Amino acid sequence: MDSFLEEDEEAPVVVVRGKRRRSPASQAVLQPPLPLPFLPPQPGKGGALVSSNEHKLNFKKSKETCLSYIQDALLQKQWKRAAEFLTCYVESLEKDYSREHIGPSEMIWRIGTEILWHHSQSSMKEFNCFMEQMKTLGVKRYLKVCLEHVFHLLCNGQIDEAYQNLSLAESWRFGEQTAIQDKEMKLIQAYRGLLDYCSWSKQKKILLEHGEDGFAELTIEQEMHGYFRKAAVNLKEIIKIPGVWDVFVKCYVDLLEFYGDHNEARQVLNEYAYNSKFPANPNAHVYLYHFLKRQGESKKSLISALKILHDIVPSHELMIDFNTMLQKSKKRKKHQLGLEVIFAALDYAGWKENAKAWSCLARQVKQIVISETHLDWIKHEWNSRKDWWPAFHFSHYLAKRNWQGNKSLSYEKALVAGILLGKDCKYFKYVLHQGCKAQLKRFWMLKKFVTRHNPVYLRISGRPDSSVQP
């Protein structure tokens, strides 16, 4: 990687009026390997230097030109070229002849980090050096830089180094800047708590695998409790602040459940899911549902949790569990809601080939058709879908693809298609033909069932005949 990303270890740093400046030796290292359109002071008439205002305009123009080159290189993923231009951009700031101090901007930090992340010749040594420079050159974003440094270390598996950086950042103090960066400090503490949780989790695994030795077990439990205390304090603090804190909530609840504090865990999850100050978050209701399920809570409580999840994300994978629970209820309203839930889930492309979902819908539709009650439920759901579901789910192309990929899926979809679109539906006819050709008994039974209940299709569609097909 180009040398602007790390300073020469032996190059001295000159301190002028309390500001760190590179020595000429270190500045020489920063020279770009290609010419760029930077504009040094030009002599005016009679050899006089240009005015300060003219120089400012020239400097601004060259800086903007260089930034446009950097942007172009980034968009084309030319990381080496971007690094060369950024080197020159930094150099231009150091050679500003206007004598006005221009500190390194957040732009240098953001662009430099992006380049180092993607550059094929980048190393952790270069990245660490660059981040340390960014920390010392920008106290207003010191903790943000620390967090990004930690994330990079974690992505490279350097857990201990990440923890050490978090500890150093937590002890950082810089006058009023410490208070201004209070939110970032909370995040620093939270991620340190997260790493303490990881250490606790490792010890728990060792304890569960090798729990026969009494002395060793006592030692591990003591270490676990130490990690627990440190993790719990920091995780508890961050989740008090309105926000999306999924990973911190999950870890904190895991700690509480392990030590039997189920009431506190329940309170945390309820607060996270239902507190109006927190942003709407489907995961909050997922975590609450799984907790209630682990605690053996009533079906009513589970249904209540999933009902809210359905309102937020009707395509969530837990909608099959939701539908199953609703169908097992003794209340008709719950059965109707179950039909609504599975229809809504199948509106999404990700569910098109979900055999379980189609099985749920086929089973419930079949029950309604046999009993000949509540056909209005099916009609209500079908009315808003009859214009687009045939092409979305029941085309001849999908019939061929489904049959080749999953015959059970084809059977369930064919049953639904036969009821909703009649016995002349293209999907139904193709699957039925293939099933009978393969001499599969259930497809003969499917043919008899749909033919016998074809009047149901007429009632659902409101058509006098079944001539209109997808």
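Colleague: How far apart are the end C-alpha atoms of helix α23, and what should its 12 residues span?

Modeller: This is a predicted model, by the way. The end C-alpha atoms of α23, which runs over residues 441–452, sit 17 Å apart. At 1.5 Å a residue the helix should span 16 Å, so the two values agree.

Colleague: Which residues of α23 are buried?

Modeller: Phe443, Leu446, Phe449 and Val450 are the buried ones in α23. They take up an arc of only 115° around the axis, so they lie on the same side of the helix.

Colleague: And what is exposed on the other side of α23?

Modeller: Lys441, Met445, Lys448 and Arg452 are exposed there. As background, an α-helix has 3.6 residues a turn, so residues three or four places apart point the same way.

Colleague: What do the buried residues of α23 pack against?

Modeller: Five helices are on that list: α17 (355–371), α20 (396–405), α21 (407–421), α22 (426–437) and α24 (454–461).

Colleague: Let's zoom out. How many helices and strands are in the protein?

Modeller: The protein has 24 helices and 2 strands.

Colleague: How much of the protein is buried?

Modeller: Of its 470 residues, 44% are buried. The accessible surface is about 25,600 Å², and carbon and sulfur atoms own 52% of that.

Colleague: What share of the contacts join residues at least 24 apart?

Modeller: That share is 61%, counted among contacts between residues at least 6 apart in sequence.

Colleague: Salt bridges next. How many does a search of the whole structure find?

Modeller: The search turns up 13 salt bridges. One of them joins Glu148 to Arg110, with the closest N and O atoms 3.9 Å apart. Glu148 belongs to helix α6 (residues 142–155) and Arg110 to helix α4 (residues 106–118), so this pair ties together parts 38 residues apart in sequence.

Colleague: What about Glu170 and Arg192, how do their side chains meet?

Modeller: They form a salt bridge, 2.4 Å from N to O. This pair also links distant parts of the chain, with Glu170 in helix α7 (residues 159–170) and Arg192 in helix α9 (residues 182–209), 22 residues apart. Both Glu170 and Arg192 are buried.

Colleague: Where do Asp311 and Lys307 sit, and how many residues apart are they?

Modeller: They are in helix α14 (residues 299–312), 4 residues apart, which means about one helical turn separates them. Asp311 is partly exposed with 49% relative accessible area, and Lys307 is partly exposed at 30%.

Colleague: Which residues are linked in a network of salt bridges?

Modeller: Lys186, Glu237 and Lys240 are linked that way.

Colleague: Is Val341 buried or exposed, and what does it touch?

Modeller: Val341 is buried, with a relative accessible area of 0%. Leaving out residues up to four places away in sequence, Val341 touches His310, Met319, Phe322 and Leu326.

Colleague: Changing topic: what is the count of disulfides?

Modeller: The count is 0 disulfides. As for individual cysteines, Cys155 is exposed at 57% relative accessibility, whereas Cys360 is buried at 6%.

Colleague: Last helix, α11. What should it span?

Modeller: Its 13 residues, 246–258, should span 18 Å at 1.5 Å a residue. The end C-alpha atoms of α11 are 18 Å apart, which agrees.

Colleague: Which residues of α11 are buried?

Modeller: The buried set is Asp246, Phe248, Val249, Cys251, Tyr252, Val253, Leu255, Leu256 and Glu257.

Note on methods: Residues numbered from 1 in each chain as written. Predicted model: local features only at pLDDT ≥ 70, side-chain atom pairs only at ≥ 80, totals over all residues. Heavy atoms only, no water. Buried < 20%, exposed > 50% of the residue type's maximum accessible area, 1.4 Å probe, protein only. Contact = heavy atoms within 4.5 Å. Areas by Shrake-Rupley, 256 points an atom, 1.4 Å probe, with all protein chains shown as cover. Expected span 1.5 Å × (residues − 1). Salt bridge = Lys/Arg side-chain N within 4 Å of Asp/Glu carboxyl O. Arc of directions from axis to C-beta. Disulfide = S-S within 2.5 Å.
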